Amino acid sequence: MATDSREDGKFLCRKMMARCSGHCNENRNSVVQPLLTDLYQITMAYAYWKSGKTEDQSVFDLFFRTNPFQGEFTIFAGLEECLKFLENFHYSDGDIEYLKQTLPDGIEDEFFEYLGQLTAKDVVLHAIEEGSVVFPRVPLIKVEGPLIVVQLLETTLLTLVNYASLMATNAARYRMVAGKNIKLLEFGLRRAQGPDGGLSASKYSYVGGFDGTSNVLAGKLFDIPVKGTHAHAYITSFTGFSELKTRTLRHKVTGVPQDLLELSIRHREALSDVLDINTEESSEGELAAMVSFAIAFPDGFMALVDTYDVKSVQNGVDKLHPLNGEMNGHSGHGGAQSSDINSNSIMPNVAIECNHKTDVKPKLTYNGDDVECKCRQPSGQLEDRGGTRCCSSMRNSRKILVGHVVLGRNRMNLLTNVGKSFRSGLLNFCAVALALNDQGYRAIGIRIDSGDLAYLSCLARQTFEQVSTRFRIPWFNTLTIVASNDINEDTIISLNEQGHKIDCFGIGTHLVTCQRQPALGCVYKLVEINNQARIKLSQDVEKVTMPGSKNAFRLFGADGHALIDLMQKVSEPPPEVGQKVLCRHPFQESKRAYVIPSRVECLYKVYWCEGRVCQPLSRLDQIRDRVQTSLKAIRNDHKRTLNPTPYKVAVSDHLYNFIHDLWLQNAPIGELS
């Protein structure tokens, strides 16, 4: 004989209360309160009250209809914040006074008295474990209780779940494409939608699989590892050696002081021959800045190495120029159109002056396909003027123009010139890192914030290997290479195909704003009132709701992977291992299959009952681990980025018939004349 899950939930609730008291008050967001809602929730509450529906009991489902990011899975997050909200659900005297001034005239004072006494003590909340993989139509949260109270919870619960789940899903997708051995850091606070959006992004990117954040407050509130380096501004704030007020650093073991600048200059001279980089190509201001930063953080020296761009100018003299301002930000967002050779976008038209002596000053132009020298040299003749080779025979050669250097098909040779965009930084970093080594310290690594990240990371790794071999310092080969610069999911996939040598990605804008899809679209629908099922009908079948209070189960196959999620009426007995279960598509009669599960997992637990949290809540790191464990239980074809296989969500035969009987009862009968 099946028992009603609501009775089981109340028993479990009483058993767990003592262990969970007060848990949700930790780090509570004061913005999350009953007035964080839509006005119509309160006007509906008054209409319910006016209609005498204060004793009506209801069931609402919170679910979504489509997986985000053109994928086939979603990560459920935000449950703990929902429980904190329930624990503190109460209209203060100030709230009531504000509502009296805001709501239309004529509302009885008795309603405001009623509103001021409301709490969530009579609410029961069932939910899937936070951090679980979830799928469309299966309720993430099921809320039972007095109609007015449960209605007033709607908007706040939605805002707490929608972004959290979207953010965790986005982060999990980045983790999958990056692989388990690459570090991922969230750098998005400055790009997020306000302070609360920034904090939520940091929290739920960590849940989804990121390793740390640049957000210091998020680190404090949620115990997330905090990471960071420095910006281009620190490098450009130094112009020469004379600005170094402190130049000495004591040896880590012996305490003997040494002039770190002198050591760095000495090593730079030696490195110049090893790396075939002229010291004149490096910036003194950059070296001074790196020495200064190394003295400040000798055990944590991580340097940004692409602040200066070495460009050929007239008379063949190389000069140093700061990279354009679009690339000087903390995370390198923007400015990638003209320099990011990882992308497949067409470069904008570029023109450089040709030094041929002609009556009309020609230009070498790039029109999207060809490089063309519009000079008057005879066809086929090459001349070298100011470091630029050009002639009419270069037409239709499909070469790429970068700065003042013409690049051809041989990518590695070609991009040696592009590598000049951080040759100064690489030489100076290695010099300072060797100087630190002399004083008993180990540098951490570099950050690359612009340019061809795949090529530059390979060049950096090759450089570290050369230095490691030449100076017999084994750890030098393991220096960390961090990459930023407007990175998204597709960028990482492309970099993987190019064989990059990046150890860590710093990701901001595309992560925290979820640019590929800005909202998950969770909804909150009434499915039962006073033990009578309710259904919302629509010409769009996707918007037809699943009526009645339901249980949900995940059925697993013999290989350990999840086969299907099954919804049933609460009165039905749960599926059993080894027993055949008929699973039906909720709306397509012909789509049905028998499933014999090797394991059955009940998806719902009662988290809130009798006014208290009644389940031990997981720490953030435990939720983070659950995300990865839950993803492993889903087949790879459901998780792939290109054309993933849809995961099946079904209903029992009994629920299927119930839905369609109720549909027929509620659908109007047309009349033809």
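Predicted model: local features only at pLDDT ≥ 70, side-chain atom pairs only at ≥ 80, totals over all residues.
The backbone of D223 adopts a positive phi of about 60°, although the residue is not a glycine. In general, most residues other than glycine have a negative phi. D223 is exposed, and its relative accessible area is 66%. Because exposed means over 50% relative accessible area, the value of 66% places D223 in that class.

A positive phi is also found at N643, a residue other than glycine, where the angle is near 50°. N643 likewise belongs to a loop, in this case the one between α19 (636-639) and β32 (648-652). The relative accessible area of N643 is 57%, so this residue is exposed.

Helix α12 was examined for its span and its burial. The helix covers residues 284-296, 13 residues in total. From the first C-alpha of α12 to the last, the distance is 18 Å, close to the 18 Å expected at 1.5 Å a residue. The helix is mostly covered, with 11 of its 13 residues buried. The buried set consists of G285, E286, L287, A288, A289, M290, V291, S292, F293, A294 and I295.

One of these buried residues, G285, also takes part in a contact at the start of α12. There, a side-chain oxygen of S283 comes to within 3.3 Å of the backbone nitrogen of G285.

Technical notes:
Residues numbered from 1 in each chain as written. Heavy atoms only, no water. Buried < 20%, exposed > 50% of the residue type's maximum accessible area, 1.4 Å probe, protein only. Helix = DSSP H or I, 4+ residues; strand = E, 2+ residues; numbered from the N terminus. Expected span 1.5 Å × (residues − 1). Polar contact = N/O pair within 3.5 Å; in protein donor to acceptor, adjacent residues only side chain to side chain.
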